[in-house]
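Welcome! Please take a look at it first, then read on.

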Amino acid sequence: MGILIGFFIVLFAALIVAIRIMKTREIEQENRLMQSYMDSMQEFYAAIQDRIEATRRYRHDLARHIQTLESLLGTANKDEDIMECMDELRGKYDELKKQEYCCDEIINSVLTIKKQQCREKNVPFEINTEDDTYTGIQEVDMVGLLHNLLDNALEANERIPEDGKRGIRFAMGKRDGEIWIETENYIRPGEVVTMKTWKEEKEEHGIGTRIIDSLVEKYHGRKEIFVDQDNHLFTKKIYLLPNEEESAA
């Protein structure tokens with residue numbers, strides 16, 4: 001009897017050790033995934049900064065060329081070639097202005113990138129942002145938050161049949177000292193929303209979702225989720241409390 005009890009004690013101890021080893025490995029794997037994900041977000045953020053700088057230079061060059069052509073027209077006859085060139089440059093400048101959703105360059109860049117992705121996948125994307133600066137949130141945090149929110153919305157649309165109704169609506173603004181962000185997207189009819197993903201990269205997606213939750217917590221915010229099964233709509237609202245000390249990237 002004592003031998004049997006001893007055997008079970010050893011077996012139980014071995015089981016505890018095995019569980020701890022598995023848990024340690026899971027934590028290590030999660031840490032590696034988290035680090036890899038954060039590195040990718042840093043690369044995305046760096047690419048956005050490069051994009052902003054290139055857009056600034058391009059806008060500056062366009063404005064300078066337009067000004068030069070206007071000066072030439074002021075001292076010469078109405079040369080049709082010059083006027084045609086100036087009209088073309090003004091058209092390009094106006095096109096750049098159309099891509100500005102607010103006066104925050106980081107937010108503009110992320111929305112422009114996501115707009116292009118939606119266009120390539122035939123998903124309508126409506127953007128309504130209050131023309132304001134959204135200081136108090138680290139730029140890299142804002143990039144990660146918007147990227148994941150819109151990536152999830154786009155993923156949901158990709159699961160909808162081609163003859164189904166698709167679309168994403170994004171809105172953002174400030175109210176009562178908070179920054180609010182709202183994404184609304186269509187879901188596949190009959191789909192039960194479980195907050196899980198259908199991506200192949202399930203672990204990475206889970207990391208992204210945890211990043212969103214960690215940022216909501218970091219900025220003392222809250223998250224609200226609504227599902228309209230009748231109209232096949234999924235809505236997520238994020239509220240963040242800006243911290244001016246966190247403004248610098």
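Of the 249 residues of the protein chain, 35% count as buried, where buried means under 20% relative accessible area, exposed over 50% and partly exposed in between, with a 1.4 Å probe and protein chains only. This is a predicted model, in which local features need pLDDT of at least 70 and side-chain atom pairs count only at pLDDT 80 or more, while totals for chains, interfaces and linings use all residues. Residues are numbered from 1 along each chain as its sequence is written, and side-chain values use heavy atoms, with hydrogens and water left out.

**Overall layout**

- The protein chain has five helices and five strands; these are DSSP runs numbered from the N terminus, with helices being H or I of at least four residues and strands E of at least two.
- Along the sequence, their order is α-α-α-β-α-β-β-α-β-β.

**Helix α3**

- Helix α3 covers residues 105-120, which is 16 residues.
- From first C-alpha to last, α3 reaches 23 Å, close to the 22 Å expected at 1.5 Å a residue; the expected span is 1.5 Å times one less than the number of residues.
- At the N-terminal end, D104 caps α3 with a side-chain oxygen that lies 3.1 Å from the backbone nitrogen of I106.
- Buried residues of α3 include I106, I107, V110, L111 and C118.
- After α3 comes N122, which has a positive phi near 55 degrees.

- Strands β1 (residues 125-129) and β2 (residues 168-175) run parallel and are joined by five bridges; two strands pair if DSSP finds at least two bridges between them.
- In this pairing, F125 stands opposite I168 in β2.
- The hairpin of β2 and β3 has two residues between the strands, and D176 takes a positive phi near 55 degrees.

**Charges over rings**

- K174 lies over the face of Y134, at 5.8 Å from the ring centre; a charge sits over a ring if NZ of Lys or CZ of Arg is within 6 Å of the ring centre and within 35 degrees of the ring normal.
- R222 has its charged end over the ring of Y239, 4.0 Å from the centre.

Conventions: Polar contact = N/O pair within 3.5 Å; in protein donor to acceptor, adjacent residues only side chain to side chain.
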